[in-house]
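Please look over the sequence and the model before reading on.

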Amino acid sequence: MIPKILLLLFNLIIYCFAQYEVDPNGYVMFCPCMGRFGNQAEQFLGAISFTRTLNRTLVLPHWIEYPPRSFTSKQVPFDTYFQVEPLQDYLKVILMKDFMIHIADSIWPKGKRYVFCYDAQAKENSDKRSCNAKDGNPFGPFWSHFDIDFDGDVFYRPLFYDISIADRWNAKFPSSEYPVLAFSGPPGTEERNIPIAKYFIYTEYIRKQVDEFLSKNQISPDTLLALHIRNGIDFERACTYTTENSNFFASAQCLGHKLEKGIKLTNEICYPSEDNILIQTENMVERIKPTVVYVAADGNPMIDEFRKLLGKKYNVKIIKYERPENQSLGEAAHIDLYILSIAEHAIVNCPSTFSAFAKRQRDIREKSTDFWGIENDKLTNEPKSDL
Ligand SMILES: *[C@@H]1O[C@H](CO)[C@@H](O)[C@H](O)[C@H]1NC(C)=O
Ligand SMILES: *[C@@H]1O[C@H](CO)[C@@H](O)[C@H](O)[C@H]1NC(C)=O
């Protein structure tokens with residue numbers, strides 16, 4: 001009896017160690033320090049592509065949220081929202097917490113923690129060349145969350161993140177000397193064709209909440225039209241910076257990476273008027289006859305306007321997610337995103353990175369997606385192959 005227990009214990013110990021084997025090729029760490037979830041997810045694309053090319057392990061950072069009326073940011077573990085396992089099919093990953101607890105001490109001990117940036121950042125009243133990696137929010141709180149202080153800065157100029165082969169990075173920063181490449185910003189590349197949606201699978205924690213919300217309101221995703229309206233004040237301002245001849249945030253999703261769809265990025269695409277939102281929604285409702293219209297908006301969700309226009313005429317229910325008091329805005333956004341991802345039909349915002357996340361999720365589910373301000377038949381310009 002006793003030997004058996006010992007054996008079990010022994011196996012358990014082996015298992016625990018095996019699970020956190022050190023990757024001889026090293027690790028990549030970064031702070032998703034720009035923007036909210038949509039932008040952070042875009043930054044992941046670059047980080048994933050970069051890390052995979054180097055055949056290193058990506059340390060999955062915490063998501064950074066900005067609670068209203070708070071002076072600091074909040075760090076949310078990656079796996080609160082997304083499962084880790086599916087990502088492992090695409091590249092080597094480890095949660096930041098696991099890395100810091102099980103691996104950091106042996107290969108990245110205090111005293112040897114370097115931070116990487118392209119070049120020194122200018123700083124007032126200082127001649128010291130530095131990445132200033134922990135200056136300000138969210139930079140400081142992100143690293144401090146795991147008690148990380150940097151002992152030196154490494155400038156990787158003239159190398160770029162945009163790599164298709166690992167040679168130059170490995171020659172300059174071999175994993176034997178630099179087991180961890182910790183970047184003060186996202187190691188972003190222009191690589192956008194990563195089938196990432198397939199590997200970003202929501203956790204049970206989020207899915208369960210969505211299921212409960214849908215069943216409580218008797219909504220079936222099959223007859224659901226979901227809208228993402230990006231009408232907060234920040235976007236209104238941002239949209240004044242668009243130009244017709246270049247992409248803006250995530251607009252490549254509807255304009256094409258080289259603007260090959262020939263669509264001009266107008267203000268009605270970036271920040272559509274309420275009138276046009278109502279018109280486009282009504283056209284869609286008339287065409288597809290949903291039973292429910294779900295509205296996700298960061299500004300005015302226009303529920304009354306939708307109800308007045310559509311409710312009786314089309315016998316359609318207009319609904320939005322009601323966030324429980326104890327739920328953060330950041331988490332509630334994922335409820336919206338998941339519903340936007342699974343609804344049978346959706347109209348989303350072309351330049352919005354939040355919309356882009358939902359669009360990618362919809363693509364893998366083979367659901368079509370419309371954009372505000374763009375006629376659907378303009379979106380596909382693939383040559384007809386019925387010759
Ligand atoms: C990538 O690294 C792993 C070790 O983490 C190794 O087993 C694998 O062979 C490497 N792949 C390539 C293509 O070098
Ligand atoms: C909020 O409260 C509900 C009910 O009391 C509980 O089930 C849920 O886990 C709480 N959510 C959070 C994020 O604390």
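This is a predicted model: local features need pLDDT of at least 70, side-chain atom pairs count only at pLDDT 80 or more; totals for chains, interfaces and linings use all residues.

Which residue in β7 does V115 stand opposite? V115 stands opposite D153 in β7.

**Overall make-up**

The protein contains 15 helices and 13 strands. It has 387 residues, of which 36% are buried. Among the contacts in the protein with a separation of 6 or more, 75% are between residues 24 or more positions apart.

**The six-stranded sheet**

Six strands make an open sheet with parallel pairing, and their order is β5-β2-β1-β8-β6-β7. The edges are taken by β5 (93-95) and β7 (152-155); each has a single partner strand, so one side of each has no neighbour in the sheet. From one strand to the next, the twist averages 30°.

Strand β6, residues 114-117, pairs with β7 in the parallel sense over four bridges. Within this pairing, G152 in β7 is the bridge partner of Y114, and V115 stands opposite D153. Strand β6 also pairs with β8 in the parallel sense, over two bridges. There V115 stands opposite A182 in β8.

Helix α2 (residues 37-53) lies across β1 (27-30) and β2 (57-60), and runs at about 160° to β1. Helix α5 (residues 96-107) packs on the sheet and touches β1, β2, β5 and β8 (180-183), with its direction at about 100° to that of β5.

**The five-stranded sheet**

A further open sheet has five strands in the order β11-β10-β9-β12-β13, with parallel pairing. Its edge strands are β11 (317-319) and β13 (370-371), each of which pairs on one side only. Strand β9 (residues 224-229) and strand β10 (residues 292-297) pair in the parallel sense over six bridges. In this pair, I229 has A297 in β10 as its bridge partner. Helix α15 (residues 353-364) lies across β9 and β12 (345-348), at about 155° to β12.

| Strand pair | Sense | Bridges |
|---|---|---|
| β6 and β7 | parallel | four bridges |
| β6 and β8 | parallel | two bridges |
| β9 and β10 | parallel | six bridges |

**A pair of packed helices**

Two packed helices are described by the angle between their axes and the distance between the axes. Helix α8 (residues 204-216) packs with helix α14 (residues 329-342) at an angle of about 70°, and their axes are 10 Å apart. This angle makes α8 roughly perpendicular to α14. On the α8 side, the residues that meet α14 are I206, R207, Q209, V210 and F213; they meet H334, I335, Y338 and I339 in α14. The contact of α8 with α14 comprises six nonpolar, two polar and one charged residues.

**The ligand**

Which residues surround ligand 1? Ligand 1 is surrounded by D23, N25, N55 and K92. By class, this shell has no nonpolar residues, two polar and two charged.

Notes: Residues are numbered from 1 along each chain as its sequence is written. Chains are lettered from A and ligands numbered from 1 in the order in which they are written. A residue is near a molecule or strand if its C-beta atom, placed from the backbone, lies within 6 Å of it. Ala, Val, Leu, Ile, Met, Phe, Trp, Tyr, Cys and Pro count as nonpolar, Asp, Glu, Lys and Arg as charged, and the others, Gly among them, as polar. Two strands pair if DSSP finds at least two bridges between them. Axes are lines fitted to C-alpha atoms, for helices over the stretch in contact, and angles run from 0 to 180 degrees between N-to-C directions. Two residues are in contact if their C-beta atoms, placed from the backbone, lie within 7 Å. Angles under 35 degrees count as roughly parallel, over 145 as roughly antiparallel, 65 to 115 as roughly perpendicular and the rest as oblique. A residue is buried if 20 or more other C-beta atoms lie within 10 Å of its own, exposed if 12 or fewer, and partly exposed in between; C-beta atoms are placed from the backbone.
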